[in-house]
Amino acid sequence: MARPLGPVRLKKASPVTLAIGAVFTILVLYFLIGSSAPDFSASRKASAASHPLSPPTSPFRKSTGGGKPKAPPVAHYNLNNVTITSDPLGNRENILLLTPMARFYQQYWDNLLKLSYPHELITLGFILPKTKEGNAATTELQKQIAKTQKSGPEKDRFKSIIILRQDFDPPLQSQDEAERHKIQNQKVRRAAMAKARNSLLFTTLGPATSWVLWLDADVIETPPDLIQDLAAHNKPVIAPNCFQRFYNTEKKAMDERPYDFNNWQDSPTAVELAKKMGPDDILLEGYADMATYRALMAYMHKADGLRQETVPLDGVGGAALLVKADVHRDGAMFPPFSFYHLIETEGFAKMAKRLGWQPFGLPNYKVYHYNE
C-alpha cells in the first residue's frame, strides 16, 4: 500500500545561481541564432532579396523560420534609375564580375579579395566545364567561397556569388597552355568560350547592374583599384594591357612580356584578307601563319608612358575587360560563329562598334597573367 507523502519543501535558489543560469541561457540563444547566418551590414540587409527566385545579383539571406515558402514577389525595375558613371564608388554602382573558369588558381582568388571596390557592391559569377579539371576547380572554388562568405571579415564578403556548370562538352580535354593556343584548335575552342561567356552573362546580368567586369581565371595580379581606374575613363568598353611575369634566363632575373594579343587596331592587310575568306572563316591574331599586320596594343606599352593614356580599338581580348552594362543590354554578346570573320571577344568588339559603342584600351595600364 502506498504511503502518503508529507509536505515537500523546496530549497530557495540563491541569486548567484539564478544569475549564472540567465547568462548561460543568453549565451546558448546567441550561438543558436547568431551562427545560423553570417552577419549582414545594414546596407546588405537593405538590398537583400526576399526570395531565392529574385534577381541572382541580389544578396539572399535564408529565412530562419520554417513553414511553406512564399511565392516570388512581382518586382518592378526602372532601368532609368541605374547610373553608369565615371565615379561608380561615389554613386555606389553595382559591379558584376564574371569569370569563365577551367582551372582554379589561388592567386586569382587572393587578388579578388584585394580589390578595393566595396565587396558588398560586387556580384561574382563563374561558369565551369563538366570535366575532371572543371570538377576539381569547382571544389576548390567552393572551398574559398565558403571560407570568405561564411567566416571571412565583413569587408571581404561579396554581394552574391553564382556558379554555373556548362551544359555542353568542351572541345578540348586539356587546358595546357600549348594545347589551348594551337592555331588548329582556335575556332572550336573560342566558339566554346563564346558560348560559356554568353551563358554566364545572360544568366547573371541583373536589373541593378551598372558595370560588367570580365576577368579571366588565370589573371592573378591587378591593381587593387582596377574597377575605379577603368571606370574613371567612362568608356563603354575598355581593356587594360595583359602581361606575364617570367624568369629571363639571359638576364638571369625576373622580367615581363606581353601576353594578350587580341587587343588591336585593324589594318588594311587584315581587311583584304577578310575579303578573300569564306563566310565561316575567321581571322586570328598572334600567329605567323596568318600575318595581319594589325597594330597590337600589347606592343604599344611605353615604360615612361602615362598610365591613363587611351587608344581606340577594333578588337579586344577577354583577360580583363570592363563593359558598361548597357552595351550588353543593347545586344552586344560574344559570337560563337564567324561575325565579320571575327569570333568571341574580338567579335564582341565588332558587334559593340556596330551598335555604336567604341571600345578603348589602356596600353600602359597592366594586369598580369599566370605563367604555367
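Mentor: Two strands count as paired if DSSP finds at least two bridges between them. Keep that in mind for the hairpin of β6 and β7. This is a predicted model.

Trainee: How many residues lie between the strands in the hairpin of β6 and β7?

Mentor: There are 4 residues between the strands. Lys-252 of this hairpin takes a positive phi near 55 degrees. The pairing of β6 with β7 (residues 253-258) is antiparallel and runs over 6 bridges.

Trainee: Let me step back to the whole chain. How many helices and strands are there in the protein chain?

Mentor: The protein chain has 10 helices and 12 strands. It has 372 residues, of which 45% count as buried. Now look at contacts between residues at least 6 apart in sequence: 76% of them join residues at least 24 apart. The accessible surface is about 20,100 Å², and carbon and sulfur atoms hold 56% of it.

Trainee: How should I read burial in a strand?

Mentor: Start with the general idea. Side chains in a regular strand alternate between the two faces of the sheet. Then count the buried residues, meaning those under 20% relative accessible area. In β6, 10 of the 12 residues are buried, so the strand is largely enclosed by the rest of the structure.

Trainee: How many residues of β4 (residues 209-215) are buried?

Mentor: The count for β4 is 7 of 7, so read it as mostly covered. Next, its partners. β1 pairs with β4 in the parallel sense over 5 bridges, and Leu-98 has Trp-214 of β4 as its bridge partner. β4 also pairs with β11, in the antiparallel sense, over 5 bridges. Leu-215 is bridged to Ala-320 of β11 there.

Trainee: Now a helix. How many residues of α10 (residues 344-354) are buried?

Mentor: The general idea first. An α-helix has 3.6 residues a turn, so residues three or four places apart point the same way. In α10, 8 of the 11 residues are buried, so this helix is largely enclosed by the rest of the structure. The buried residues are Glu-344, Thr-345, Glu-346, Gly-347, Phe-348, Ala-349, Met-351 and Ala-352. They pack against several elements, including α6 (186-204), β6 (237-248) and β12 (359-369). After α10 comes Gly-356, with a positive phi near 95 degrees.

Trainee: Glu-346 is found in helix α10. Is Glu-346 buried or exposed?

Mentor: Glu-346 has 0% relative accessibility, so it counts as buried. Now list its contacts, leaving aside neighbours within four places in sequence. They are Arg-190, Asn-262, Trp-264, Glu-285, Arg-294, Asp-314 and Val-316.

Trainee: How do I describe two packed helices?

Mentor: Use the angle between their axes and the distance between the axes. The axes of α6 and α10 come within 8 Å and cross at roughly 60 degrees. On the α6 side, Arg-190, Met-193, Ala-194 and Arg-197 make the contact. On the α10 side, Glu-344, Thr-345 and Glu-346 make it. By class, the contact residues divide into 2 nonpolar, 1 polar and 4 charged.

Trainee: Where is His-341 found?

Mentor: His-341 is found in the loop between α9 and α10. Its phi is near 65 degrees, again a positive value in a residue other than glycine. His-341 is buried, with a relative accessible area of 15%.

Key: Residues numbered from 1 in each chain as written. Predicted model: local features only at pLDDT ≥ 70, side-chain atom pairs only at ≥ 80, totals over all residues. Heavy atoms only, no water. Buried < 20%, exposed > 50% of the residue type's maximum accessible area, 1.4 Å probe, protein only. Helix = DSSP H or I, 4+ residues; strand = E, 2+ residues; numbered from the N terminus. Contact = heavy atoms within 4.5 Å. Axes fitted to C-alpha atoms, helices over the stretch in contact; angles between N-to-C directions. Nonpolar A, V, L, I, M, F, W, Y, C, P; charged D, E, K, R; others polar. Areas by Shrake-Rupley, 256 points an atom, 1.4 Å probe, with all protein chains shown as cover.
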